Amino acid sequence: MSITESFIGGTSVASRDFYDNIDPSTGRSLGLVARASCDEVDQAVRSARGAQKTWSRTAPATRAAVLNRFADLIDAERERLAVIECEDTGKPLGQARSDVLVSARYFRFYAHAIDTYYGQSIPLTDDLHVYTRREPLGVTGHIVAWNYPMQLMSRAVAPAVAAGNATVLKPADETPRTAVEFAQLALKAGLPAGVFNVVTGIGAETGAGLAAHPDVDLLGFVGSARVGTEIAHTAAERVAPAVLELGGKSPQIVFGDADLPRAAQFITKAILQNAGQTCSAGSRLLVHESVHDAVVDLVANRFARVSIGRGIEDRDLGPLISRKQQARVQEFIDGVVKGEIICGGSTPADAALADGAYFSPTLIDGVDPDSLIAQEEVFGPVLTVNTFSDEDEAVALANGTSYGLLAALWTRDVSRAHRLAAELIAGQVYVNTYGAGGGVELPFGGFKKSGYGREKGVEALDEVTATKTVVVAL
């Protein structure tokens, strides 16, 4: 049986205790995972601290060359990495392959971005020379979720390392293997030992230990609002900055003049990708009353054609991450008081899927906008529907949750699109398309309980660096 261990200072580090890594497609163990204790976390942080100063003084062009070689190695191992990711998460193999490509792109993007990440010269007075420097924070700690392990790891580690930080990453309990694989590839690419460390284990143990470590200069977290709040408190107690991406309840707003077939295509993908286990999933469908029936029919027909199966079979829809998550999604459905289940609403009837954590694509019309299922993140293939009569009602419904991550507008009216984009409380707004988080280049983060700080794009470099102002008397 395989054993996944922490990777610290360029070498595998054993732990005293282990747990089973479960394949959500079958319910069977994929092998054992080390439960890193606070001792291993401390070892990883010390390793990062020891490597950071030399790495930060390495020329940006040299850092860029290492990251580009790292991206090349990721590409070279794309099929093997995709299979591992597919097994750990249950997601369709094709989606896992895309995740590998995007992960490599993160390292290439920041390899190029760091070459042009400058300070400023400030014209104050003739007898003073004033300029700013962007300096790495030091050691950054990152705790990431299980839904996109490779992508979330890459979007956290790439800008941090490019800017001259050293990192300690805690992958999700359920999906640890690709993180360790990446750390080993980074070493092979020439990243100095200790710059990229991985500690595997349970969130309440290993993750909590990393969050509380006094020598971590920045905490990054992707996950639930409840745990994110705890992370923020822990960081605040020692006055450390944090970047939190805590999910969303993103609306798809469809007006009567929209291209309805195109909208239905994107709406379906935005809720079924990765079985709906996406922080930026378009989980609320808000439809103008004039086209309600047509849009619901189009989406329901697409849901009905979805094939379900093991991730390795590369069907349209794979399993949820675990039986626990499957039961949680069912609880949301069972709690619906107002609304009509158009399709789905339970686990698939196919006996061949009985051992996995599968859930059928679910469409629920006419839910109470204030109900739990319309307000909280389900993290499953569940789409709720509400109607509106005018722009004001559409905006009120869209902004009527405690989240503000993404939103989409479907309309041919360009003026309306720009007007409402300014009114929607969301970190990203799409018009006549939907990117489920968008590309590597696009700053990503939210408002309200969706968290704070920005990942992706050049703005991510601002989060992992600090501005130093230098004033020289001439």
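An open sheet of three strands, paired antiparallel, runs in the order 6-7-23. Strand 6 (121-122) and strand 23 (465-473) are its edges, and each has a single partner strand, so one side of each has no neighbour in the sheet. Please keep in mind that this is a predicted model.

- Strand 7 (residues 128-136) and strand 23 run antiparallel and are joined by nine bridges.
- To see one of these contacts, look at E135, whose bridge partner in strand 23 is A466.
- Another pairing links strand 8 (residues 139-143) with strand 9 (residues 166-170), this time in the parallel sense and over five bridges.
- Within strand 9, T167 is the bridge partner of T140.
- Strand 8 is mostly covered, with five of its five residues buried.
- Cover comes on both faces of strand 8: V139, G141 and I143 are buried on one side, and T140 and H142 are buried on the other.

**Salt bridges**

- Side chains of opposite charge can pair when their charged atoms come close.
- How many salt bridges does a search of the whole structure find? The search finds 25.
- One of them brings together the side chains of R155 and E245, at 2.8 Å from N to O.
- R155 sits in helix 5 (residues 149-162) and E245 in strand 12 (residues 242-245), so this pair ties together parts that are 90 residues apart in sequence.
- Is R155 buried or exposed? R155 is buried, because its relative accessible area is 6% and buried means under 20%.
- E245 is buried too, with a relative accessible area of 2%.
- D75 and R78 form another salt bridge, and their closest N and O atoms are 3.7 Å apart.
- In this pair, D75 is buried at a relative accessible area of 17%, whereas R78 is partly exposed at 40%.
- D75 and R78 also belong to a network of salt bridges that links them with D72 and R108.
- E313 and R315 make a salt bridge as well, with 3.7 Å between the closest N and O atoms.
- Here E313 is partly exposed, with a relative accessible area of 40%, and R315 counts as partly exposed at 37% relative accessibility.

**A charged patch on the surface**

- Which residues gather in a patch of negative charge on the surface? They are E289, D390, D392, E393 and E423.
- Look for E423 in helix 14 (residues 414-423).

**Helix 10 and a spacing to look at**

- H292 lies in helix 10, which covers residues 292-304.
- With 12% relative accessibility, H292 counts as buried.
- What separation do the C-alpha atoms of H292 and E391 have? They are separated by 15 Å, while the two residues are 99 residues apart along the chain.

Definitions and conventions: Residues numbered from 1 in each chain as written. Predicted model: local features only at pLDDT ≥ 70, side-chain atom pairs only at ≥ 80, totals over all residues. Heavy atoms only, no water. Patch = residues over 30% accessible without salt bridge, like charges linked within 9 Å, V, L, I, M, F, W, Y side chains within 5 Å. Areas by Shrake-Rupley, 256 points an atom, 1.4 Å probe, with all protein chains shown as cover. Salt bridge = Lys/Arg side-chain N within 4 Å of Asp/Glu carboxyl O. Lys, Arg positive; Asp, Glu negative; His and termini not counted. Charge placed at Lys NZ, Arg CZ, Asp CG, Glu CD. Helix = DSSP H or I, 4+ residues; strand = E, 2+ residues; numbered from the N terminus. Pairing = 2+ DSSP bridges. Buried < 20%, exposed > 50% of the residue type's maximum accessible area, 1.4 Å probe, protein only.
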